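Let's take a friendly walk through the charged side chains and one of the helices of this protein. Keep the viewer open as you read.

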Amino acid sequence: MGFVGALAGLGTALALGGWVRWTPPSAVQDLRPSPDALEYEEVGRHVARGERFAIVIGGRAYGPAHAPGFPVLLAAYFRFFPDAGPGSSIRVVFACALAAIAGTWCMGWLAGGPWCGALAGLLIALAPLHVRWSRAVMSDVPSSAAIAWIGAWSLMALGRRRAGATWLLLGACVGLAVALLP
């Protein structure tokens, strides 16, 4: 299998993964599991509006109980789509799910070639637990995307002689990934 075949494997994994994960915002507008999904989305909305990094209930601000990375990621989305309704942040999770599939494909391809990449991409695309969490406004899937791409970047850096700055940047990215899900 050449490069075109490898890309076909990625395309297949992305198409299947997207098909089994697609969830419209109306299906998750109740923001369950509670209170986590509600907290992530509402804190993201507050940050996007330039308000406190908190959830406000009855006029009182409460600090979030979770790591700040996912609400900040959602805040970036809400800066572009400020009028998006409840549950609309599932689109961010969906994009991260596709990124996780692509990152896993890339790791497989780098570690074992095009067939390994295709298999790795298909395995995560159809993994029941990853599919399930891709349908909820939670930080698990964005975290898996970050880890997949950090892994792929690490594999690329292994083959370089002078990758000191790369490893320093990778370490910083690992630290940022922990802000998504410790």
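Predicted model: local features only at pLDDT ≥ 70, side-chain atom pairs only at ≥ 80, totals over all residues.

Glu51 has a relative accessibility of 39%, so it falls between the 20% and 50% cut-offs and counts as partly exposed.

Asp30 and Arg32 form a salt bridge too, with 3.2 Å between the closest N and O atoms. Asp30 is partly exposed, at a relative accessible area of 48%. Arg32 has a value of 57%, and because the cut-off for exposed is over 50%, Arg32 counts as exposed. Across the whole structure, a search finds four salt bridges.

## A network with a buried pair

Now turn to Glu41, Glu42 and Arg45, which salt bridges link into a network. Within it, the closest N and O atoms of Arg45 and Glu41 are 2.8 Å apart. Both of these residues are buried.

Arg45 and Glu41 both sit in helix α2, four residues apart, or about one turn of the helix. An α-helix has 3.6 residues a turn, so residues three or four places apart point the same way.

Helix α8 runs over residues 164–180. Its 17 residues, at 1.5 Å a residue, should span 24 Å, and this agrees with the 25 Å between its end C-alpha atoms.

The buried residues of α8 are Thr166, Leu170, Ala177 and Leu180. They lie on the same side of α8, because they cover an arc of only 50 degrees around the axis. These buried residues pack against α3 (69–80) and α7 (140–158). On the face turned away from the buried side, α8 carries the exposed residues Gly164, Ala165, Leu168 and Leu176.

Terms used. Residues numbered from 1 in each chain as written. Heavy atoms only, no water. Helix = DSSP H or I, 4+ residues; strand = E, 2+ residues; numbered from the N terminus. Expected span 1.5 Å × (residues − 1). Buried < 20%, exposed > 50% of the residue type's maximum accessible area, 1.4 Å probe, protein only. Arc of directions from axis to C-beta. Contact = heavy atoms within 4.5 Å. Salt bridge = Lys/Arg side-chain N within 4 Å of Asp/Glu carboxyl O.
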